[in-house]
Amino acid sequence: MSTFRNLLVWQKSMDLVTKMYSSTQKFPKEELFGLTSQIRRSAVSIPSNIAEGYGRDSNKEYLRFLNVSIGSLFELQTQIEIAKNIMYLNEKDFNDLYENSREIERMLVSFIKKN
């Protein structure tokens, strides 16, 4: 039986969540309720909405949740760029995270077009 866990885009999104949690552990403690929290919420929202949409009854609903996921991904991309600009992320870490997010972006866009 196929579930959302079988979707490569969900799996890669889950990996990104783990990477984001690990990266934000290094942020200053005063950011815990600021940028750290915002980045984590955006990252968690991506696979969560893929999963929730998968469980909906209609293709239209599924597409709506996939579009919410891509919106959260764009938020995350903006937030990690802010983190880089204020030197919470170094260039290498930023580039790695950004490239991971771009891969997920391409997958989501392709997935949306197919449905």
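**Entry 1: ground rules**

I count a contact when heavy atoms lie within 4.5 Å. The model is predicted, so I noted that local features need pLDDT of at least 70 and side-chain atom pairs count only at pLDDT 80 or more, while totals for chains, interfaces and linings use all residues. Residues are numbered from 1 along each chain as its sequence is written, and side-chain values use heavy atoms, with hydrogens and water left out.

I took helices as DSSP runs (H or I, at least four residues), numbered from the N terminus.

**Entry 2: serine 23**

I looked up serine 23, which sits in helix H1. Is serine 23 buried or exposed? Its relative accessible area is 10%, so serine 23 is buried. I wrote the cut-offs beside it: buried is under 20% relative accessible area, exposed is over 50%, and partly exposed is in between (1.4 Å probe, protein chains only). I then set aside neighbours within four places in sequence, and found serine 23 in contact with Leu89 and Leu97.

**Entry 3: H1 against H2**

I turned to helix H1 (residues 8-24) and helix H2 (residues 35-54). They pack at an angle of about 165°, with axes 9 Å apart. The axes are lines fitted to C-alpha atoms, for helices over the stretch in contact, and the angles run from 0 to 180 degrees between N-to-C directions. H1 and H2 are therefore roughly antiparallel to each other. The scale is this: under 35 degrees is roughly parallel, over 145 roughly antiparallel, 65 to 115 roughly perpendicular, and the rest oblique.

I checked the crossing next. H1 passes H2 in a left-handed crossing. That means the near helix is turned anticlockwise from the far one by less than a right angle; clockwise would be right-handed.

Which residues of H1 and H2 make the contact? From H1 I listed Val9, Trp10, Ser13, Met14, Val17, Met20, Tyr21 and Thr24. From H2 I listed Thr36, Ile39, Arg40, Ala43, Val44, Ile46, Pro47, Ile50 and Ala51. I sorted the residues of this contact into 13 nonpolar, three polar and one charged. For the classes, Ala, Val, Leu, Ile, Met, Phe, Trp, Tyr, Cys and Pro are nonpolar, Asp, Glu, Lys and Arg are charged, and the others, Gly among them, are polar.

**Entry 4: alanine 43**

I picked out alanine 43 in helix H2. Alanine 43 has a relative accessible area of 1%, so it is buried. Leaving aside neighbours within four places in sequence, I found alanine 43 in contact with Val17, Met20 and Leu76. I also looked up how far alanine 43 is from aspartate 96. The two are 53 residues apart in sequence and 15 Å apart in space, C-alpha to C-alpha.

**Entry 5: H2 against H3**

I moved on to H2 and helix H3 (residues 59-85). They pack at about 160°, with axes 8 Å apart. H2 and H3 are therefore roughly antiparallel to each other. H2 passes H3 in a left-handed crossing. By class, I noted 15 nonpolar, eight polar and two charged residues in the contact of H2 with H3.

**Entry 6: serine 69**

I found serine 69 in helix H3. Serine 69 has a relative accessible area of 0%, so I marked it buried. Not counting residues up to four places away in sequence, serine 69 touches Ser45, Ile46, Asn49, Ile50 and Leu108.

**Entry 7: salt bridges**

Why look for charged pairs? Side chains of opposite charge can pair when their charged atoms come close. I called a pair a salt bridge when a side-chain nitrogen of Lys or Arg is within 4 Å of a carboxyl oxygen of Asp or Glu. How many salt bridges did I get by this rule? The count comes to six.

I looked up arginine 56 and glutamate 52: their closest N and O atoms are 2.7 Å apart. Arginine 56 is partly exposed at 35% relative accessibility. Glutamate 52 is partly exposed too, at 38%.

Next came glutamate 61 and arginine 64, which meet at 3.4 Å, N to O. Both lie in helix H3, three residues apart, about one turn of the helix.

Last, I checked glutamate 105 and arginine 102, which meet at 2.7 Å, N to O. Both lie in helix H4 (residues 91-114), three residues apart. Glutamate 105 is buried at 13%, and arginine 102 is partly exposed at 25%.

Conventions
Helix = DSSP H or I, 4+ residues; strand = E, 2+ residues; numbered from the N terminus.
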